[in-house]
Amino acid sequence: MAAAFGTVFMPEMAISWFDGSGWSPAEMVSSDSLTLHPGAHVLHYSSTCFEGLKAFRHEDGSVNIFRMDRNIERLAQSSELLALPALDKAMVAEMIKTTVARFADEVPAPPGSLYIRPTHFGTEPAIGKAAVPSLTSCFYVLVSPVGDYFAGGDRALRLLLEDEGMRCAPHMGMIKSGGNYASALRPIMRAREAVQADQILFCPGGDVQETGAANFLLIDGNEIITKALDESFLHGVTRDSILTLARDLGMTVSERELTVTELLERAAKPGCEAALSGTAAVLTPVGTLIYKGQEHAIGKGNIGSTTLKLRRALNDIQWGKTPDTHGWLTRV
Ligand SMILES: *Cc1c(COP(=O)(O)O)cnc(C)c1O
């Protein structure tokens, strides 16, 4: 059996430390451990954010990173919103490219890839700074070779609709920060146990938002409906890429509020599909919605053809099988 996603790491990573006034020159170090003061700000006050992006091997042997600039922008924004020291975006790009290049020979061929996890957190040893930012920080780029996300079979997911609780505090939604996942963990565990849900679709006050780590797209015939960007949820790069490709294919993209009531009405119609978007899987089909104890199949409750078509369109660009017309790939 293949190793679980994200459990195998390349032995080195690029790292740089911010000492309060500048970033240390980036260096490659062993990725098997990190020395931190036990009073480090991140360990007490969760001053941490990260990214998830991928590098792909093409048939010509080249290795290409997908939408690196977008992910760097989002990491810089997460850092700013968490009051972490400002990242040097050019340095971050160099560190990502250097780390991927270092292990270029070990980037798996499609459907595998090299998953890249840039991580930034506050290191100042100061446990009295609950309401004060860390003056120092650490940034590193960890990489993990990953196989076919759908190796175990492509299965339509079951989502529990949660219209009371929320994934995280509303002003934290667009920050890719550790505390948000900790905040959603217990509700997701309960949903798995109680109704065998794979994920919770958070819909605070009836507003369909996203799951614990992926955006939600409703596909009704030629139209894709998904929540318009605001600060309450994570602005997925995959979401943006799929919407762009959908427009290219002549589909109507509606970025707007979607209520639970409208979602359940539309889901019942034949030909309706839903999917979760994220870097790990691109698009994962959703087959069943569970709301107030009732199960609602989406369309036929299985894997939708438009979902597969859009996933393939994005994979084809990532895998170098079709021209990169939007300039999304960075060759290392
Ligand atoms: C990472 C993430 C996503 C998906 O973002 P991508 O850039 O598409 O990988 C969506 N929601 C949450 C909460 C996430 O953490």
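Good morning. The model is a predicted one, in which local features need pLDDT of at least 70, side-chain atom pairs count only at pLDDT 80 or more, and totals for chains, interfaces and linings use all residues. Residues are numbered from 1 along each chain as its sequence is written, and side-chain values use heavy atoms, with hydrogens and water left out.

I begin with the domains. The assignment divides the protein chain into domain 1 (12-146) and domain 2 (157-318); such bounds come from an automatic or database domain assignment. The C-alpha centres of the two domains are 27 Å apart.

How many residues of domain 1 are in contact with domain 2? There are 20, and they meet 18 residues of domain 2, where contact means heavy atoms within 4.5 Å. Between them the domains bury about 1600 Å², with 59% of it on carbon and sulfur atoms. Buried area here is the accessible area (1.4 Å probe) that two parts lose on being put together, summed over both. Phe50, Phe66 and Arg74 supply 34% of the area that domain 1 buries against domain 2, more than any other three residues.

The interface holds 2 salt bridges, a salt bridge being a side-chain nitrogen of Lys or Arg within 4 Å of a carboxyl oxygen of Asp or Glu. Asp240 forms a salt bridge with Arg67, and their closest N and O atoms are 2.7 Å apart. In the whole structure, the search finds 23 salt bridges. Asp240 belongs to helix α5 (residues 237-248), while Arg67 is in the loop between β5 (63-66) and α2, so this pair ties together parts that are 173 residues apart in sequence. Helices (H or I, at least four residues) and strands (E, at least two) are DSSP runs, numbered from the N terminus.

Finally, I turn to the ligand. Which of the 15 residues around the ligand come nearest? They are Lys176, Tyr181, Glu210, Thr238 and Thr279; a residue counts as near if one of its heavy atoms lies within 4 Å of the molecule. In the side chain of Glu210, an N or O atom is 2.6 Å from a nitrogen atom of the ligand. Thr238 has a polar side-chain atom 2.6 Å from an oxygen atom of the ligand. For Val237, a backbone N or O atom lies 2.8 Å from an oxygen atom of the ligand.

Thank you for your attention.

Key. A polar contact is a pair of N or O atoms within 3.5 Å; within protein, one must be able to donate a hydrogen and the other to accept it, and residues adjacent in sequence count only if both atoms are side-chain atoms.
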